[in-house]
Amino acid sequence: FGASYGSGREVVEFVSSNGPTGGLYAIVTLVVTHSILLVLSFELARLYRAHDFVSFFRVLLRRGWFLYEIVILVGLVIALSITTTVGGTVLEDHFGISAWIGSLMILALIVILNYYGRTIVEESMMLSVTALFLVLVILVVQLVTGYADQVSAAFADYKYEGGSLYKGLMYAIGGGGYLPLLLYCAIGLRTRREVVVAGIFAAAVAGIPALIFHFAFMAGYPTIIEQRIPTYWMFDQISTPLMLNVYVVVMFVLVAQTGVGVLQGLIERLDVWHQQKRGGPLTRAGHGAVAGVAVIFSMSLGSMGIVSLILRGYTIMFASFIFVFVIPLLTYGVYLVYRGRPQTD
């Protein structure tokens, strides 16, 4: 959720820029696409006990498994660059703290959480998402009680112009390609029914913040489209100073959590490799070191600016994930799921 929903920049680029009605079409596209990708990915992971991305793609791409590894390393750099840039930008805008200091604080949070391992990562994810939804509940109340007329006027004044389905699909696939990094979250799924429920529910939950932020952005549409950090601008315009401060803290933690979540997927892969080579997973210090090196390397892209990073990053990852993840999953992956259980080839 972090860099995407925390800043609101991605929601603006791929959802709200389509206008009030077009944004709703984009969100439906996002949720449906994520549901399909999640259900198929979770089921393949369950059937083949492949909960790290290398094991998963050895099943899906067979000898071509390394192609995803190449793509996702580029994707990790882009995702972490967006993460550190958003965190630094918000602290600079709100507190006047140098963006570099904010980025270093993000680095410290990511290293500490990854150092303590998967359990802490999963628990901190749940706490972060809970905090986000509490903020969203308050935002909904403020919208309904104070800005319903502005939102209604936006839907009445601006007509649907098209293009939203493509942008919604680009948003879904550009972010959905990271899902194999998060398969460790599905280890507890035991049946196909659980997989279907989990996949659809996760996709729906992921779409709720986009829906709420889209309606909130309509209270300031079209001015909101030009804002560097739209959610920050929105809270500053329609909420109280206290809520703005709460939002900044929650968003900062969520942004760090984005880096933590995707890096945990890389660490799970490295643990498997280390287990095969050395007879045991990486140490906690090794986990923290991997996280630190990855984030420091990614910070070098921050000079591009958040808008350029998101637009260029999503364009690159959309094209890459289509070929190494989505098409194979919707073809060979569907066949493997239909077959039902692994067979000895």
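Me: What is the order of elements from the N terminus on?
Reply: In this predicted model, the elements run α-α-α-α-α-α-α-α-α-α-α-α-α-α from the N terminus on. The count is 14 helices and zero strands.

Me: What makes the protein as compact as a globular protein of its length?
Reply: Its radius of gyration is 20 Å. The globule rule gives 20 Å for 345 residues. The two values are close, so the protein is as compact as a globular protein of that length. Along the principal axes, the C-alpha atoms fill a box of roughly 60 × 40 × 30 Å.

Me: How much of the protein counts as buried, and what is its accessible surface made of?
Reply: Of the 345 residues, 54% count as buried. The accessible surface comes to about 15,400 Å². Carbon and sulfur atoms hold 66% of that surface.

Me: What share of the contacts joins residues at least 24 apart in sequence?
Reply: Take contacts between residues at least 6 apart in sequence. Of these, 83% join residues at least 24 apart.

Me: How do you know that the span of α3 agrees with its length?
Reply: α3 has 30 residues. The expected span is 1.5 Å times one less than the number of residues. R49 follows α3 and has a positive phi, near 50°.

Me: Why is α5 called largely enclosed?
Reply: Buried means under 20% relative accessible area. In α5, 22 of the 30 residues are buried, so the rest of the structure largely encloses this helix. Just after α5, G96 takes a positive phi of about 75°.

Me: Why is N18 called buried?
Reply: The limit is under 20% relative accessible area. N18 has 10%, so N18 is buried. Its place is in the loop between α2 (9–14) and α3 (19–48). A polar atom of the N18 side chain lies 3.0 Å from the backbone oxygen of V15. Leaving out residues up to four places away in sequence, N18 touches G23, A26, G163, S164 and K167.

Me: Which residues touch the most other members of the largest nonpolar core?
Reply: They are F56, F57, L139, M234, F235, F321 and F325, in a core of 103 residues. Helix α12 (residues 241–278) gives this core its largest share, 14 residues. Beyond four places away in sequence, F325 touches L37, S41, F56, F57, L60, G176, G177 and P180.

Me: Why does V144 count as exposed?
Reply: Exposed means over 50% relative accessible area. V144 reaches 60%, so V144 counts as exposed. V144 lies in helix α7 (residues 118–146). V144 and R190 are 46 residues apart along the chain, and their C-alpha atoms are separated by 41 Å.

Me: What makes V197 partly exposed?
Reply: V197 has a relative accessible area of 47%, so V197 is partly exposed. V197 lies in helix α10 (residues 192–217). V197 and V39 are 158 residues apart along the chain, yet their C-alpha atoms are separated by 8.3 Å.

Definitions and conventions
Residues are numbered from 1 along each chain as its sequence is written. This is a predicted model: local features need pLDDT of at least 70, side-chain atom pairs count only at pLDDT 80 or more; totals for chains, interfaces and linings use all residues. Side-chain values use heavy atoms; hydrogens and water are left out. Helices (H or I, at least four residues) and strands (E, at least two) are DSSP runs, numbered from the N terminus. Buried means under 20% relative accessible area, exposed over 50%, partly exposed in between (1.4 Å probe, protein chains only). A polar contact is a pair of N or O atoms within 3.5 Å; within protein, one must be able to donate a hydrogen and the other to accept it, and residues adjacent in sequence count only if both atoms are side-chain atoms. Contact means heavy atoms within 4.5 Å. A nonpolar core is a set of buried Ala, Val, Leu, Ile, Met, Phe, Trp, Tyr and Cys residues joined through side-chain atoms within 4.5 Å. The radius of gyration is taken over C-alpha atoms; the globule rule is 2.2 Å times the number of residues to the power 0.38. Accessible areas come from the Shrake-Rupley method with a 1.4 Å probe; for residues, only the protein chains shown count as cover.
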